[in-house]
Amino acid sequence: MATRKKTEPQLPSGPPAAAKEVAARLAVAIPAPRCELDHKDAWTLLIATILSAQSTDRTVNTVTPLLFEKYPTPAALAAAPREDVEAVVHRTGFFRNKAKAIQGASLAIAQQHDGAVPKDMAALMALPGVARKTANLVLGTAFRIASGVVVDTHVTRVAQRLGLSAAKTAEKIEQDLCQRLPQDQWIDGGHRLLLLGRYVCLAKGPKCEDCPLAELCPSRVGDPLGSWQQRAEHLQQAVQPGDAPGEG
Ligand code: SF4
């Protein structure tokens, strides 16, 4: 059994953080959360999100400019030689599966949806390479449709540490978050949890001393610095466009 490092938080032993206060503090810290995957519309976001699996936003952002320059529409990407697409997306990892998925999704969009990304969960999830997380991200970010909460590795970790969910699966964690957060917080509130996990509540060595949620968190390690407002301001400065760290 692995030995837990001293700097890692224990599982929550106290009551869960109050979701309302969590959402309020994070809204101060990250007033306008933005998706750190570069995109210009729903289709480019969908493709970038498929490519981001087991990769980082930063790596995907180095690949997509050439990809969309060579293949600017769903039809163009769907018709491209597979090996050419694989070469472009190679650096994101799992390039064969990803090339197949983005071409399959693009073909379905071109042939079944008149070249436009569908705006409903069932149609999105019917596309190759698209699971609920990707569908939620596209619906929320591209269309501002609050279909659910995007649950990735960061949101999973933060939700568990805050005591907002004790579940192990993304599906159940999403249900817990949707119950605790009002629907008008599902998009931005969920995105803020993700960014907190990416910048502060790190998998190894969370920066609890800098966390604007420290007083609320049942998993906190050590004492926070200054007021929560000061920590929120610090986080706001860290979450700047173009500063996306690796996702680990
Ligand atoms: S970084 Fe914040 S949310 Fe994460 S464990 Fe520490 S206090 Fe809790």
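Before clicking anything, one cut-off: a residue is called buried if 20 or more other C-beta atoms lie within 10 Å of its own, exposed if 12 or fewer, and partly exposed in between, with C-beta atoms placed from the backbone. Bear in mind that this is a predicted model, where local features need pLDDT of at least 70, side-chain atom pairs count only at pLDDT 80 or more, and totals for chains, interfaces and linings use all residues. Residue numbers start from 1 along each chain as its sequence is written.

**Stop 1: Asp38.** Select the loop between α1 (19-29) and α2, and you'll find Asp38 there. Helices here are DSSP runs (H or I, at least four residues; strands are E, at least two), numbered from the N terminus. Is Asp38 buried or exposed? Asp38 counts as buried because it has 20 C-beta neighbours inside 10 Å. Leaving out residues up to four places away in sequence, Asp38 touches Ala48, Asn61 and Thr64; contact means C-beta atoms, placed from the backbone, within 7 Å.

**Stop 2: α2 against α8.** Now show helix α2 (residues 42-51) with helix α8 (residues 132-143): they pack at an angle of about 150 degrees, and their axes are 10 Å apart. The axes are lines fitted to C-alpha atoms over the stretch in contact, and angles run from 0 to 180 degrees between N-to-C directions. Which residues of α2 and α8 make the contact? From α2 come Ala42, Leu45, Leu46, Thr49 and Ile50, and from α8 come Thr134, Leu137, Val138, Thr141, Ala142 and Phe143. Colour that contact by class and you get eight nonpolar, three polar and no charged residues. The classes go like this: Ala, Val, Leu, Ile, Met, Phe, Trp, Tyr, Cys and Pro are nonpolar, Asp, Glu, Lys and Arg are charged, and the others, Gly among them, are polar.

Stop 3: As background, most residues other than glycine have a negative phi. Go to Arg144, in the loop between α8 and α9 (153-162): its phi is positive, near 55 degrees. Arg144 counts as exposed because it has 9 C-beta neighbours inside 10 Å. Then jump to Phe94, in the loop between α5 (82-89) and α6. Phi of Phe94 is also positive, near 45 degrees, and Phe94 is partly exposed, with 14 other C-beta atoms within 10 Å.

**Stop 4: Ala110.** Ala110 sits in helix α6 (residues 95-112). With 19 other C-beta atoms within 10 Å, Ala110 is partly exposed. Setting aside residues up to four places away in sequence, Ala110 touches Pro74, Ala75, Ala78 and Gly115.

**Stop 5: the domains.** Zoom out and colour domain 1 (19-33 + 148-235) and domain 2 (42-143), with bounds from an automatic or database domain assignment. Their centres, taken over C-alpha atoms, are separated by 28 Å. Seven residues of domain 1 are in contact with four residues of domain 2. The side of domain 1 that touches domain 2 has five nonpolar residues, one polar and one charged.

**Last stop: the ligand.** What surrounds the ligand? There are 15 residues around it, and the closest are Cys201, Pro206, Cys208, Cys211 and Cys217; a residue is near if its C-beta atom, placed from the backbone, lies within 6 Å. By class, this shell has 11 nonpolar residues, one polar and three charged.

Terms used
Two residues are in contact if their C-beta atoms, placed from the backbone, lie within 7 Å.
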